[in-house]
Amino acid sequence: MAAPMESVSVKQISETKGKGLIARKSFKKGDVILEEKPVVCAQFSWNELYNYKACEFCLRSLEKAEKMAQRLTGNTGVSLPHPECCQVDPSSFVQCPQCQVVYCSPACRDAAFSLYHQVLCMGSSREDPAHPLAVLGETWRSFHYPPETASIMLLAKMIAMIKQASDKGSVLSMFSGFISHTVNQQEHIAHKLLGEKFKVQREVLREQLAAILYEEAAQEWFTPEGFNSLVALIGTNGQGIGSSSFSSWVKATEQLSLSEQDKAELDNTVDKLYNDMWEVSGQFLDCEGSGLYQLQSASNHSCAPNAEVSFPHGDHTLVMVALEDIEPEQEINISYLSWCDLDIGRHSRHKALRENYLFQCSCQMCISQADDESCTSDDDEEEDMDDEYVDEN
């Protein structure tokens with residue numbers, strides 16, 4: 001893999017858009033633009049509570065595909081064909097000798113220990129609900145219900161990284177490089193993450209975090225304004241990470257050489273399992289978490305993106321792939337919305353982007369649609385907006 005900065009660069013696009021990700025070479029449709037590991041990542045608190053076993057460092061699933069299928073369907077009788085397609089290898093798992101938290105490999109354990117785990121290790125108190133970090137997690141869950149978009153442990157790991165760093169200033173500078181917002185925007189984002197009583201809830205979280213992890217080098221983070229900016233940072237820059245041993249098994253089976261009949265039977269089995277999982281487990285289908293990625297966070301949104309993000313390696317490694325040919329010096333855009341949301345009308349897309357990402361989209365697709373809509377009467381446009389609003393709610 002080429003070093004990411006040989007393929008892309010981060011440049012100022014405009015005063016309105018700020019920074020953006022720019023191609024430094026040509027990419028063909030389907031090319032990998034970059035692979036990137038996060039500066040920091042953490043599993044969602046609710047997923048961890050519901051026994052989604054993942055490596056504490058890289059979020060790789062630690063549960064055999066068949067076991068995961070049994071748990072998610074509530075059916076211990078589920079038996080997956082082609083067990084050789086499951087990539088989970090328990091023989092490589094290791095634990096922290098003090099707190100017994102599990103990692104997928106010695107490399108992940110050592111990386112966690114060198115970056116933040118010395119500070120966050122709960123030792124023999126890991127199962128104690130009264131431990132301050134356990135209380136912090138429970139407080140977060142009481143404020144931030146599924147579907148989760150961030151994790152309080154992401155903030156805890158950021159602070160622990162500073163506490164452990166020999167050069168605390170460089171770590172602080174790295175985090176300050178992520179997108180910042182105005183005070184009003186930060187209030188809006190914190191409100192979205194923490195609900196109707198967000199000011200009270202935010203203060204409770206700030207006090208608990210300060211009592212556990214106060215760090216003088218990052219003292220501004222522990223003020224009400226500074227903590228607000230931290231919540232806003234993970235709320236807008238956090239990239240969701242999905243890692244499922246079952247989905248990895250499904251992808252591996254797709255590479256098998258099977259007869260048409262066997263392939264049809266396998267497809268039916270997979271479809272039925274996904275339906276059963278949805279009925280029993282709903283939104284908890286992946287060992288999901290959130291991470292901060294320096295290059296990915298610089299990618300601006302487009303309603304007609306020329307790139308997309310995925311996690312094909314089953315861990316926190318982000319892969320950005322070209323959806324169309326991209327020329328040197330062309331901006332690389334991804335969609336902040338799901339693909340199904342891109343199919344809704346322009347006004348509904350703008351509503352979602354304003355509420356969740358605090359900007360008015362002016363991508364080429366939106367400009368073209370706005371030009372087309374200018375040919376309709378005001379009454380027709382108002383009717384379209386009302387229809388979309390009804391559909392959304």
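Is Lys 163 buried, partly exposed or exposed? Lys 163 is partly exposed, because its relative accessible area is 27%, which falls between the cut-offs of 20% and 50%. The model in which this value was computed is a predicted one.

Lys 163 has a charged partner. Lys 163 forms a salt bridge with Glu 215, and the closest N and O atoms of the two are 3.6 Å apart. This pair links distant parts of the chain: Lys 163 belongs to helix α6 (residues 152-164), while Glu 215 sits in the loop between α9 (198-213) and α10 (224-237). The two residues are 52 residues apart. Glu 215 has a relative accessible area of 10%, so Glu 215 counts as buried. Side chains of opposite charge can pair when their charged atoms come close.

A search of the whole structure finds eleven salt bridges. One of them joins Arg 60 to Asp 315, with 3.3 Å between the closest N and O atoms. Arg 60 is partly exposed, at a relative accessible area of 29%, whereas Asp 315 is buried, at 8%.

Another salt bridge lies within a single helix. Lys 272 pairs with Asp 276, and their closest N and O atoms are 2.8 Å apart. Both residues belong to helix α12 (residues 260-281), where they are four residues apart, or about one turn of the helix. An α-helix has 3.6 residues a turn, so residues three or four places apart point the same way. Lys 272 is exposed, with a relative accessible area of 52%, and Asp 276 is partly exposed, at 27%.

Helix α12 also has a part in the surroundings of helix α11. Helix α11 (residues 245-253) is mostly covered, with seven of its nine residues buried. The buried residues are Ser 245, Phe 246, Ser 248, Trp 249, Val 250, Ala 252 and Thr 253. What do the buried residues of α11 pack against? They pack against α3 and α12. At the start of α11, a side-chain oxygen of Ser 244 comes to within 3.2 Å of the backbone nitrogen of Phe 246.

The next element is a sheet. Three strands make up an open sheet in the order β4-β8-β7, and their pairing is antiparallel. The edge strands are β4 (40-43) and β7 (239-241), each of which pairs on one side only. On average, neighbouring strands of this sheet are turned by 25° against each other, direction ignored. Strand β8 (residues 289-292) pairs with β4 over four bridges in the antiparallel sense. In β8, Gly 291 is the bridge partner of Cys 41. Strands of a sheet pair through backbone hydrogen bonds, either parallel or antiparallel.

Last comes the confidence of the prediction. The mean pLDDT of the protein is 85, and 81% of its residues reach 70 or more. Over residues 377-393, the pLDDT is below 50. Beyond near neighbours in sequence, this stretch has 13 contacts in the model. Where pLDDT is low, the predicted coordinates should not be read in detail.

Definitions and conventions
Residues are numbered from 1 along each chain as its sequence is written. This is a predicted model: local features need pLDDT of at least 70, side-chain atom pairs count only at pLDDT 80 or more; totals for chains, interfaces and linings use all residues. Side-chain values use heavy atoms; hydrogens and water are left out. A salt bridge is a side-chain nitrogen of Lys or Arg within 4 Å of a carboxyl oxygen of Asp or Glu. Buried means under 20% relative accessible area, exposed over 50%, partly exposed in between (1.4 Å probe, protein chains only). pLDDT is the predictor's confidence in each residue, from 0 to 100. Contact means heavy atoms within 4.5 Å. A polar contact is a pair of N or O atoms within 3.5 Å; within protein, one must be able to donate a hydrogen and the other to accept it, and residues adjacent in sequence count only if both atoms are side-chain atoms. Two strands pair if DSSP finds at least two bridges between them. Axes are lines fitted to C-alpha atoms, for helices over the stretch in contact, and angles run from 0 to 180 degrees between N-to-C directions.
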